[in-house]
Amino acid sequence: MTATNKVDFSDVTWGSVEWTNLCTLYLRAYESRSPDPILGDTAAAEAVDRIEYDWDRMSRAMHPGSNQYLVSMRAKQFDDWSTGFLRRHPDAVVLHLGCGMDTRAFRLHPPEGVRWFDVDQPNVIALRRKLYDDRDGYRMIGSSVTDEAWLCEIPADRPTLVVAEGLVMYLVEPEVRALLQRLTDRFAGGELLFDTTSPLGPRLSRLFTKGITKWGIRDARDIERWNPRLRLLEQSSVGALRERIPSAPLRLLWRLVETTPLRNYDVLNRFAF
(Lines give C-alpha, C1' and ligand atoms only; values in the text may rest on other atoms or scores of the structure.)
Protein backbone atom coordinates (compact mmCIF):
# COMPACT_ATOMS: atom_id res chain seq x y z
CA MET A 1 0.00 0.00 0.00
CA THR A 2 2.68 2.46 1.02
CA ALA A 3 6.30 2.81 -0.02
CA THR A 4 8.90 3.42 2.66
CA ASN A 5 11.27 5.82 0.93
CA LYS A 6 11.42 9.56 1.61
CA VAL A 7 9.19 11.68 -0.62
CA ASP A 8 10.11 15.21 -1.73
CA PHE A 9 7.22 17.68 -1.39
CA SER A 10 9.37 20.79 -1.65
CA ASP A 11 7.55 21.85 -4.83
CA VAL A 12 4.26 22.31 -2.93
CA THR A 13 3.62 26.05 -3.18
CA TRP A 14 3.09 27.93 0.06
CA GLY A 15 -0.56 28.93 0.35
CA SER A 16 -1.82 26.52 -2.32
CA VAL A 17 -4.64 23.98 -1.88
CA GLU A 18 -2.01 21.27 -1.59
CA TRP A 19 -0.23 23.27 1.11
CA THR A 20 -3.49 23.60 3.05
CA ASN A 21 -3.82 19.82 2.96
CA LEU A 22 -0.28 19.48 4.30
CA CYS A 23 -1.20 21.88 7.11
CA THR A 24 -4.00 19.68 8.40
CA LEU A 25 -1.84 16.58 7.97
CA TYR A 26 0.88 18.25 10.04
CA LEU A 27 -1.56 19.29 12.79
CA ARG A 28 -2.97 15.77 13.08
CA ALA A 29 0.54 14.35 13.20
CA TYR A 30 1.54 16.85 15.89
CA GLU A 31 -1.52 16.02 17.99
CA SER A 32 -0.82 12.29 17.71
CA ARG A 33 2.46 12.77 19.57
CA SER A 34 0.84 14.28 22.66
CA PRO A 35 0.70 12.10 25.81
CA ASP A 36 -3.08 11.65 25.62
CA PRO A 37 -4.18 12.42 22.04
CA ILE A 38 -7.79 12.99 21.08
CA LEU A 39 -7.43 11.62 17.56
CA GLY A 40 -4.15 9.72 17.75
CA ASP A 41 -3.50 9.82 14.00
CA THR A 42 -0.27 7.82 13.93
CA ALA A 43 -0.73 7.32 10.17
CA ALA A 44 -0.42 11.10 9.74
CA ALA A 45 2.75 11.09 11.88
CA GLU A 46 4.21 8.33 9.71
CA ALA A 47 3.38 10.34 6.57
CA VAL A 48 4.99 13.51 7.93
CA ASP A 49 8.12 11.54 8.84
CA ARG A 50 8.39 10.38 5.22
CA ILE A 51 7.76 13.77 3.61
CA GLU A 52 10.66 16.11 2.95
CA TYR A 53 9.26 19.58 3.50
CA ASP A 54 10.00 22.74 5.49
CA TRP A 55 8.11 21.58 8.56
CA ASP A 56 9.87 24.18 10.75
CA ARG A 57 8.27 26.94 8.69
CA MET A 58 4.97 25.07 8.83
CA SER A 59 5.20 24.93 12.61
CA ARG A 60 5.82 28.68 12.85
CA ALA A 61 2.80 29.36 10.63
CA MET A 62 0.34 26.90 12.18
CA HIS A 63 1.03 27.36 15.93
CA PRO A 64 0.43 23.68 16.69
CA GLY A 65 0.37 24.24 20.43
CA SER A 66 -3.32 25.15 20.08
CA ASN A 67 -4.60 24.86 16.50
CA GLN A 68 -4.35 21.08 16.35
CA TYR A 69 -7.38 20.64 18.61
CA LEU A 70 -9.89 22.07 16.15
CA VAL A 71 -8.63 19.63 13.51
CA SER A 72 -8.39 16.63 15.84
CA MET A 73 -11.77 17.11 17.54
CA ARG A 74 -13.59 17.41 14.24
CA ALA A 75 -11.83 14.41 12.74
CA LYS A 76 -12.43 12.30 15.86
CA GLN A 77 -16.18 12.85 15.73
CA PHE A 78 -16.31 11.88 12.06
CA ASP A 79 -14.12 8.85 12.81
CA ASP A 80 -16.47 7.72 15.58
CA TRP A 81 -19.54 8.03 13.36
CA SER A 82 -17.72 6.25 10.52
CA THR A 83 -16.58 3.43 12.80
CA GLY A 84 -20.13 2.89 14.00
CA PHE A 85 -21.42 2.67 10.42
CA LEU A 86 -18.69 0.22 9.37
CA ARG A 87 -19.39 -1.94 12.41
CA ARG A 88 -23.01 -2.21 11.30
CA HIS A 89 -22.12 -2.59 7.61
CA PRO A 90 -18.77 -4.41 7.18
CA ASP A 91 -19.41 -4.71 3.44
CA ALA A 92 -19.98 -0.98 2.89
CA VAL A 93 -18.76 1.39 0.21
CA VAL A 94 -17.07 4.49 1.64
CA LEU A 95 -16.69 7.73 -0.30
CA HIS A 96 -14.32 10.21 1.30
CA LEU A 97 -14.99 13.38 -0.67
CA GLY A 98 -12.38 16.13 -0.62
CA CYS A 99 -10.04 13.72 1.15
CA GLY A 100 -6.94 15.90 0.84
CA MET A 101 -4.04 14.22 2.64
CA ASP A 102 -6.29 12.69 5.30
CA THR A 103 -5.36 9.19 6.47
CA ARG A 104 -8.86 8.10 7.56
CA ALA A 105 -8.80 5.12 5.17
CA PHE A 106 -5.79 3.77 7.09
CA ARG A 107 -6.33 4.88 10.70
CA LEU A 108 -9.83 3.36 10.90
CA HIS A 109 -8.64 -0.10 9.78
CA PRO A 110 -11.91 -0.78 7.91
CA PRO A 111 -13.16 -4.38 7.61
CA GLU A 112 -11.77 -6.37 4.69
CA GLY A 113 -15.13 -6.32 2.93
CA VAL A 114 -15.21 -2.51 2.69
CA ARG A 115 -14.52 -0.78 -0.62
CA TRP A 116 -13.06 2.67 0.07
CA PHE A 117 -12.73 5.52 -2.43
CA ASP A 118 -10.75 8.70 -1.70
CA VAL A 119 -11.84 11.50 -4.05
CA ASP A 120 -10.25 14.91 -4.60
CA GLN A 121 -8.97 17.24 -7.28
CA PRO A 122 -6.45 15.59 -9.67
CA ASN A 123 -3.53 17.67 -8.34
CA VAL A 124 -4.31 16.62 -4.76
CA ILE A 125 -4.62 12.95 -5.68
CA ALA A 126 -1.31 13.20 -7.57
CA LEU A 127 0.24 14.35 -4.28
CA ARG A 128 -1.38 11.47 -2.38
CA ARG A 129 0.02 9.00 -4.91
CA LYS A 130 3.53 10.01 -3.86
CA LEU A 131 2.72 8.39 -0.51
CA TYR A 132 0.05 5.77 -1.16
CA ASP A 133 -0.94 3.22 -3.79
CA ASP A 134 -4.29 1.81 -4.82
CA ARG A 135 -4.87 -1.72 -3.53
CA ASP A 136 -7.67 -4.23 -3.13
CA GLY A 137 -10.51 -2.39 -1.43
CA TYR A 138 -8.88 1.04 -1.69
CA ARG A 139 -8.80 3.39 -4.65
CA MET A 140 -8.05 7.07 -5.24
CA ILE A 141 -10.00 9.10 -7.81
CA GLY A 142 -8.75 12.42 -9.15
CA SER A 143 -11.78 14.55 -9.95
CA SER A 144 -13.71 17.54 -8.72
CA VAL A 145 -16.57 16.29 -6.57
CA THR A 146 -18.88 18.54 -8.60
CA ASP A 147 -18.20 16.58 -11.80
CA GLU A 148 -20.72 13.88 -12.57
CA ALA A 149 -18.68 11.23 -14.41
CA TRP A 150 -16.64 9.83 -11.49
CA LEU A 151 -19.72 8.76 -9.53
CA CYS A 152 -20.55 6.15 -12.17
CA GLU A 153 -17.34 4.31 -11.19
CA ILE A 154 -18.63 3.64 -7.67
CA PRO A 155 -20.60 0.42 -6.97
CA ALA A 156 -24.15 1.20 -5.92
CA ASP A 157 -25.18 -2.21 -4.57
CA ARG A 158 -23.96 -1.81 -0.97
CA PRO A 159 -24.69 0.36 2.08
CA THR A 160 -22.82 3.60 1.44
CA LEU A 161 -21.02 5.95 3.80
CA VAL A 162 -20.18 9.40 2.42
CA VAL A 163 -17.76 11.55 4.42
CA ALA A 164 -17.26 15.16 3.34
CA GLU A 165 -15.20 16.81 6.07
CA GLY A 166 -14.26 20.43 5.43
CA LEU A 167 -15.72 20.42 1.92
CA VAL A 168 -19.21 21.77 1.28
CA MET A 169 -18.52 25.28 2.61
CA TYR A 170 -16.11 25.74 -0.31
CA LEU A 171 -18.88 25.08 -2.84
CA VAL A 172 -21.68 27.43 -3.84
CA GLU A 173 -25.18 26.44 -2.76
CA PRO A 174 -26.36 25.13 -6.17
CA GLU A 175 -23.30 22.84 -6.24
CA VAL A 176 -24.08 21.55 -2.75
CA ARG A 177 -27.70 20.86 -3.68
CA ALA A 178 -26.69 19.10 -6.90
CA LEU A 179 -24.03 16.98 -5.16
CA LEU A 180 -26.43 15.80 -2.46
CA GLN A 181 -29.05 14.98 -5.08
CA ARG A 182 -26.59 12.95 -7.18
CA LEU A 183 -25.48 10.99 -4.13
CA THR A 184 -28.98 10.06 -3.03
CA ASP A 185 -29.99 9.26 -6.61
CA ARG A 186 -26.99 6.95 -7.05
CA PHE A 187 -27.09 4.96 -3.80
CA ALA A 188 -29.95 3.01 -2.26
CA GLY A 189 -29.13 3.92 1.33
CA GLY A 190 -26.51 4.82 3.87
CA GLU A 191 -25.23 7.81 5.81
CA LEU A 192 -23.79 11.19 4.89
CA LEU A 193 -21.37 12.92 7.27
CA PHE A 194 -20.35 16.53 6.65
CA ASP A 195 -19.78 19.79 8.45
CA THR A 196 -21.45 23.09 7.71
CA THR A 197 -20.48 26.62 8.59
CA SER A 198 -22.91 29.34 9.57
CA PRO A 199 -23.72 32.23 7.19
CA LEU A 200 -21.05 34.13 9.09
CA GLY A 201 -18.42 31.93 7.42
CA PRO A 202 -18.67 33.38 3.90
CA ARG A 203 -18.89 36.93 5.27
CA LEU A 204 -15.71 36.54 7.32
CA SER A 205 -14.03 34.78 4.41
CA ARG A 206 -14.62 37.76 2.13
CA LEU A 207 -12.82 39.92 4.69
CA PHE A 208 -9.92 37.64 5.63
CA THR A 209 -9.42 34.76 3.18
CA LYS A 210 -10.32 36.17 -0.25
CA GLY A 211 -13.76 34.56 -0.21
CA ILE A 212 -12.70 30.92 -0.32
CA THR A 213 -15.62 29.99 1.97
CA LYS A 214 -18.63 30.32 -0.29
CA TRP A 215 -21.62 28.75 1.46
CA GLY A 216 -23.07 28.74 4.94
CA ILE A 217 -26.37 27.63 6.42
CA ARG A 218 -28.05 28.64 9.66
CA ASP A 219 -29.52 25.20 10.37
CA ALA A 220 -28.61 22.05 8.46
CA ARG A 221 -32.09 20.71 9.15
CA ASP A 222 -33.16 22.87 6.21
CA ILE A 223 -31.40 20.36 3.96
CA GLU A 224 -34.19 17.87 4.68
CA ARG A 225 -36.48 20.21 2.71
CA TRP A 226 -34.06 20.29 -0.21
CA ASN A 227 -33.93 16.52 -0.48
CA PRO A 228 -36.69 14.38 1.05
CA ARG A 229 -34.41 11.32 1.15
CA LEU A 230 -32.09 12.99 3.63
CA ARG A 231 -32.95 12.71 7.32
CA LEU A 232 -30.89 14.36 10.06
CA LEU A 233 -29.80 11.84 12.70
CA GLU A 234 -27.37 13.79 14.82
CA GLN A 235 -25.48 17.06 15.15
CA SER A 236 -22.41 18.05 17.12
CA SER A 237 -20.50 21.26 17.62
CA VAL A 238 -16.87 21.08 16.56
CA GLY A 239 -15.86 21.65 20.19
CA ALA A 240 -17.91 18.82 21.68
CA LEU A 241 -14.75 16.98 22.80
CA ARG A 242 -13.19 20.08 24.40
CA GLU A 243 -12.90 18.46 27.85
CA ARG A 244 -10.26 16.12 26.41
CA ILE A 245 -7.93 19.03 25.60
CA PRO A 246 -5.01 18.73 28.06
CA SER A 247 -4.42 22.50 28.38
CA ALA A 248 -6.65 24.08 31.04
CA PRO A 249 -6.57 27.57 29.43
CA LEU A 250 -7.55 26.12 26.06
CA ARG A 251 -10.35 24.08 27.64
CA LEU A 252 -11.65 27.29 29.23
CA LEU A 253 -11.44 29.12 25.90
CA TRP A 254 -13.47 26.39 24.19
CA ARG A 255 -16.05 26.46 27.01
CA LEU A 256 -16.45 30.19 26.49
CA VAL A 257 -16.84 29.71 22.73
CA GLU A 258 -19.60 27.17 23.39
CA THR A 259 -21.61 29.90 25.20
CA THR A 260 -21.58 32.23 22.18
CA PRO A 261 -23.07 32.08 18.66
CA LEU A 262 -19.63 30.95 17.48
CA ARG A 263 -20.49 27.45 18.73
CA ASN A 264 -22.53 27.13 15.53
CA TYR A 265 -19.75 28.37 13.28
CA ASP A 266 -18.75 24.79 12.36
CA VAL A 267 -21.40 22.12 12.97
CA LEU A 268 -20.91 18.42 12.30
CA ASN A 269 -23.92 16.68 10.76
CA ARG A 270 -24.90 13.03 10.40
CA PHE A 271 -27.67 12.31 7.90
CA ALA A 272 -29.29 9.08 6.79
CA PHE A 273 -30.62 8.47 3.30
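**Exercise 1. Which residues of α2 are buried, and what covers them?**

Solution. The model is predicted.
- Step 1. Take α2, residues 42-50. Its buried residues are Ala43, Ala44, Ala45, Ala47, Val48 and Arg50.

**Exercise 2. Describe how α1 packs on α2.**

Solution. 
- Step 1. Get the geometry. The axes of α1 (residues 17-32) and α2 lie 7 Å apart, at an angle of about 115°.
- Step 2. Classify the angle. The range 65 to 115 degrees counts as roughly perpendicular, so α1 is roughly perpendicular to α2.
- Step 3. Assign the hand. The α1 and α2 crossing is left-handed.
- Step 4. List the contact. From α1 come Leu25, Tyr26, Arg28, Ala29 and Ser32; from α2 come Thr42, Ala44, Ala45, Ala47 and Val48.
- Step 5. Sort by class. The α1 and α2 contact holds 7 nonpolar residues, 2 polar and 1 charged.

**Exercise 3. At what angle do α1 and α3 cross, and which residues meet?**

Solution. 
- Step 1. Get the geometry. The axes of α1 and α3 (residues 55-62) cross at roughly 85° and come within 11 Å.
- Step 2. Classify. This pair is therefore roughly perpendicular.
- Step 3. List the residues. Trp19, Leu22, Cys23, Tyr26 and Leu27 of α1 meet Trp55, Met58, Ser59 and Met62 of α3.
- Step 4. Sort by class. The α1 and α3 contact has 8 nonpolar residues, 1 polar and no charged ones.

**Exercise 4. Which residues of the largest nonpolar core touch the most other members?**

Solution. 
- Step 1. Nonpolar side chains tend to be buried together in soluble globular proteins.
- Step 2. The largest nonpolar core has 44 residues, and Phe9, Leu22, Tyr53 and Met58 touch the most other members.
- Step 3. Name the suppliers. At least two residues each come from α1, α2, α3, α4 (68-88), α5 (104-107), α6 (122-128), β5 (138-142) and β6 (160-164).
- Step 4. Leaving out residues up to four places away in sequence, Leu22 touches Phe9, Val12, Ile51, Tyr53, Trp55, Met58 and Met101.
- Step 5. Check for a separate core. Another core, of 31 residues, lies apart from the largest one; Val119, Trp150, Val176 and Phe194 are among its members.

**Exercise 5. Are His96 and Gln77 buried or exposed?**

Solution. 
- Step 1. Locate them. His96 is in strand β3 (residues 93-97). Gln77 is in α4.
- Step 2. Apply the cut-off. His96 has a relative accessible area of 2%, so His96 is buried. Gln77 has 14%, so Gln77 is buried.
- Step 3. List contacts beyond neighbours within four places in sequence. His96 is in contact with Asp102, Arg104, Trp116, Phe117, Asp118, Val119 and Val163. Gln77 is in contact with Ser236 and Leu268.

Technical notes. Residues numbered from 1 in each chain as written. Predicted model: local features only at pLDDT ≥ 70, side-chain atom pairs only at ≥ 80, totals over all residues. Heavy atoms only, no water. Helix = DSSP H or I, 4+ residues; strand = E, 2+ residues; numbered from the N terminus. Buried < 20%, exposed > 50% of the residue type's maximum accessible area, 1.4 Å probe, protein only. Contact = heavy atoms within 4.5 Å. Axes fitted to C-alpha atoms, helices over the stretch in contact; angles between N-to-C directions. Parallel < 35°, antiparallel > 145°, perpendicular 65-115°, else oblique. Left-handed = near helix turned anticlockwise from the far one by under 90°. Nonpolar A, V, L, I, M, F, W, Y, C, P; charged D, E, K, R; others polar. Core = buried A, V, L, I, M, F, W, Y, C linked by side-chain atoms within 4.5 Å.
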